[in-house]
Amino acid sequence: MVWIRADAGKEIGMGHVMRCLSIALALQERGQEVLFVLADDGAAGLLTEKGQAYTVLHTDYDRMEEELSLLLPMLEEKRPDMFLADSYFVTPAYLEQVGKYTKTAYLDDTFPFPCPADVVINYNIYGGKLPYREKALPGNKEFLLGCDYVPLRKEFGQKAYRVNEQAENVLITTGGSDRYNLACRILEEALACGETGSLCYHVVSGAFNVNHAELQKMADEHPNVLLYRNVGNMAELMEKCDIAISAGGSTMYELCAVGVPVICFSFVDNQEKIVETFVEKELVCYGGNYLTEGNQMPARIAEAVRYLKDFGRRQVYSNRVKNLVDGAGADRIAEKLINLS
């Protein structure tokens with residue numbers, strides 16, 4: 001059995017749980033039982049919908065060491081084969097304590113510390129450049145680094161994306177919570193611009209988006225704004241769009257797997273490195289950093305949409321991202337975890 005420790009909520013969005021779901025499904029395809037361990041019930045509805053077993057600790061997601069008094073007796077009793085942790089609030093002491101009862105894996109984005117885990121995973125485009133191996137600890141057995149390990153859902157495998165001559169459909173996705181109401185601000189700017197105002201905007205409102213009512217009002221007022229929630233097949237929606245406006249995060253890799261030309265931006269610290277690296281490699285158009293640019297960012301994004309209306313430019317960007325992610329990352333992670341457990 002593999003236990004997966006991850007959380008979701010208004011502050012942290014759905015990203016941690018969504019990527020772990022892909023790994024869980026790959027493990028289950030290989031005959032492994034999976035149990036999600038949650039601090040609170042923020043992800044309970046999604047996991048129930050997906051048929052995943054879970055237990056709730058009723059603790060604070062951002063104070064993980066405090067949950068050890070509950071978690072360690074559970075581990076001692078059940079003895080899972082592997083414990084995969086995916087949280088920015090994991091500490092070395094936490095992993096060391098859990099590691100006394102089972103093999104451990106840590107899904108990381110930032111290299112906050114040399115990691116006392118058997119398996120360390122960082123699938124980001126910059127993952128191989130962080131000093132995991134240089135600062136390896138004696139207990140480290142596997143480092144799964146770079147885009148070969150992006151844990152995407154099966155729907156993103158082997159898509160045949162077509163770049164249309166005329167750009168008509170634009171996807172806007174700002175993550176699970178959109179704390180700064182960026183989808184509305186980007187929409188307002190794009191709709192007000194003569195060259196971009198007539199395009200059709202497909203806006204994904206995340207599960208914890210407190211601005212959903214405002215987005216719905218904009219959709220009601222503008223026939224060319226279509227609002228989505230609880231999207232059943234995100235790859236299918238991406239495939240119908242000519243341009244995507246996306247926050248840095250796992251969605252970036254999904255868009256790459258499909259082949260959509262992307263305008264990316266950041267609004268939290270952990271997105272900045274993803275966006276910077278994609279831009280440095282000239283894989284995407286830069287949409288800005290809300291933390292440093294504030295309300296100037298939506299205008300920059302609207303200008304980038306105008307720029308990407310050009311057929312030739314969209315062809316170039318689509319071709320650049322297509323080969324970055326192959327959709328088999330979750331399978332590779334599952335194989336490594338099973339072989340080590």
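Student: How do H1 and H13 lie to each other, roughly parallel or oblique?
Tutor: Oblique, in this predicted model. Helix H1 covers residues 15–29 and helix H13 residues 329–340, and they pack at an angle of about 60 degrees. Angles of 65 to 115 degrees would count as roughly perpendicular, and those under 35 as roughly parallel. H1 and H13 are therefore oblique.

Student: And how far apart are the axes?
Tutor: The axes of H1 and H13 are 8 Å apart.

Student: Is the crossing left-handed or right-handed?
Tutor: H1 and H13 cross in the right-handed sense.

Student: Which residues make the contact?
Tutor: From H1, they are Ser22, Ile23, Ala26, Leu27 and Glu29. H13 brings Ala330, Asp331, Ile333, Ala334, Leu337 and Ile338.

Student: How many of those are nonpolar, polar or charged?
Tutor: Eight are nonpolar, one is polar and two are charged.

Student: New topic, the sheet. What is the strand order?
Tutor: S3-S2-S1-S4-S5-S6-S7. The sheet is open, has seven strands and pairs in parallel.

Student: Which strands sit at the edges?
Tutor: Strand S3 (53–56) and strand S7 (142–145). Each of these pairs on one side only.

Student: What about twist?
Tutor: From one strand to the next, the twist averages 20 degrees.

Student: Back to S7. How many bridges does S7 share with S6?
Tutor: Four. S6 spans residues 119–122, and the pairing with S7 is parallel.

Student: Which residue of S7 is opposite Val120?
Tutor: Phe143 stands opposite Val120.

Note on methods: Residues are numbered from 1 along each chain as its sequence is written. This is a predicted model: local features need pLDDT of at least 70, side-chain atom pairs count only at pLDDT 80 or more; totals for chains, interfaces and linings use all residues. Side-chain values use heavy atoms; hydrogens and water are left out. Axes are lines fitted to C-alpha atoms, for helices over the stretch in contact, and angles run from 0 to 180 degrees between N-to-C directions. Helices (H or I, at least four residues) and strands (E, at least two) are DSSP runs, numbered from the N terminus. Angles under 35 degrees count as roughly parallel, over 145 as roughly antiparallel, 65 to 115 as roughly perpendicular and the rest as oblique. A crossing is left-handed if the near helix is turned anticlockwise from the far one by less than a right angle, and right-handed if clockwise. Contact means heavy atoms within 4.5 Å. Ala, Val, Leu, Ile, Met, Phe, Trp, Tyr, Cys and Pro count as nonpolar, Asp, Glu, Lys and Arg as charged, and the others, Gly among them, as polar. Two strands pair if DSSP finds at least two bridges between them.
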